[in-house]
Amino acid sequence: MPNIVIINGADEVTPTTEEGAGAFTDLAGSDASAEHPIVAGVWTLVDLDEPTPAWEAEWDEIKYLIDGDLTLKNEETGEVSDLKAGSMLWIPKGAKMSIVKSKGVRTIYVEQQYRKALHTSS
């Protein structure tokens with residue numbers, strides 16, 4: 001039977017899995033058998049003064065900025081957006097973007113994919 005998971009202090013978790021210019025920790029997620037799995041956790045990004053190469057999102061994702069400043073470029077339209085703590089970012093699968101610059105970025109994310117998280121719903 002599915003169980004509710006409460007994670008107090010999630011915004012203070014130190015991410016442990018390093019990937020690219022950042023690190024993440026998956027805190028909660030669906031079981032591997034879920035038809036439409038999701039995973040949620042905390043992601044931090046190193047401070048960047050130079051733009052990153054463009055990349056394409058492999059899945060739908062939402063990020064909520066807890067701390068920091070982030071400037072992104074939509075590689076399809078050329079639009080540049082500045083995000084600050086309290087901003088929410090929707091990244092649909094297939095979107096092409098790059099990070100222009102970042103400082104002190106820390107987010108809570110939800111991704112539509114399966115990865116084994118610290119907590120699951122069962």
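Biologist: What volume does the second largest pocket have?

Modeller: The second largest pocket holds about 190 Å³. The model is predicted, with local features needing pLDDT of at least 70 and side-chain atom pairs counting only at pLDDT 80 or more, while totals for chains, interfaces and linings use all residues. Residues are numbered from 1 along each chain as its sequence is written, and side-chain values use heavy atoms, with hydrogens and water left out.

Biologist: What makes a space a pocket, and what does the volume stand for?

Modeller: On a 1 Å grid over the protein atoms alone, a pocket is an open set of points where a 1.4 Å probe fits, with protein on both sides within 12 Å along at least five of seven lines. Grid points are joined across faces, edges and corners, and the volume is the space filled by probe spheres set on the points.

Biologist: How much space lies in the largest pocket, and which residues are closest to its centre?

Modeller: The largest pocket has about 620 Å³ of space. E19, W43, W55, E61 and K63 are the closest to its centre, among 26 lining residues. Elements giving two or more residues to this lining are β2 (22-29), β3, β4 (55-56), β5, β7 and β8. By class, the lining of the largest pocket splits into 16 nonpolar, three polar and seven charged residues.

Biologist: Why is E61 called buried?

Modeller: Buried means under 20% relative accessible area, exposed over 50%, and partly exposed in between, with a 1.4 Å probe and protein chains only. E61 has 11% relative accessibility, so E61 counts as buried. E61 belongs to strand β5.

Biologist: Why does K63 count as buried?

Modeller: The relative accessible area of K63 is 9%, and therefore K63 is buried. K63 also lies in strand β5.

Biologist: What makes the pair K63 and E61 a polar contact?

Modeller: Their side chains are joined at 2.6 Å. A polar contact needs a pair of N or O atoms within 3.5 Å; within protein, one must be able to donate a hydrogen and the other to accept it, and residues adjacent in sequence count only if both atoms are side-chain atoms.

Biologist: Which residues does K63 touch, not counting those up to four places away in sequence?

Modeller: K63 touches W43, S87, M88, L89, T107, I108 and Y109. Contact means heavy atoms within 4.5 Å. The C-alpha atoms of E61 and P92 are 6.3 Å apart, although 31 residues separate them along the chain.

Biologist: Why is D60 called partly exposed?

Modeller: D60 has a relative accessibility of 24%, which means that D60 counts as partly exposed. D60 lies in the loop between β4 and β5, and its side chain reaches the backbone nitrogen of K93 at 2.7 Å.

Biologist: Why is T71 called buried, and which side chain does T71 meet in a polar contact?

Modeller: T71 is at 6% relative accessibility and so counts as buried. The T71 side chain makes a polar contact of 2.7 Å with the side chain of D82. T71 lies in strand β5.

Biologist: What makes a group of residues a nonpolar core, and how many does the largest one have?

Modeller: A nonpolar core is a set of buried Ala, Val, Leu, Ile, Met, Phe, Trp, Tyr and Cys residues joined through side-chain atoms within 4.5 Å. The largest one has 15 residues, and W43, L45, L70, L72, L83 and I99 have the most contacts inside it. Two or more of the core residues come from each of β3 (39-45), β5 (61-74), β7 (88-91) and β8 (96-111). β8 gives the most, with four residues.

Methods: 1 Å grid on protein atoms, 1.4 Å probe; cavity = no way out; pocket = protein on both sides within 12 Å on 5 of 7 lines; lining within 4 Å. Nonpolar A, V, L, I, M, F, W, Y, C, P; charged D, E, K, R; others polar.
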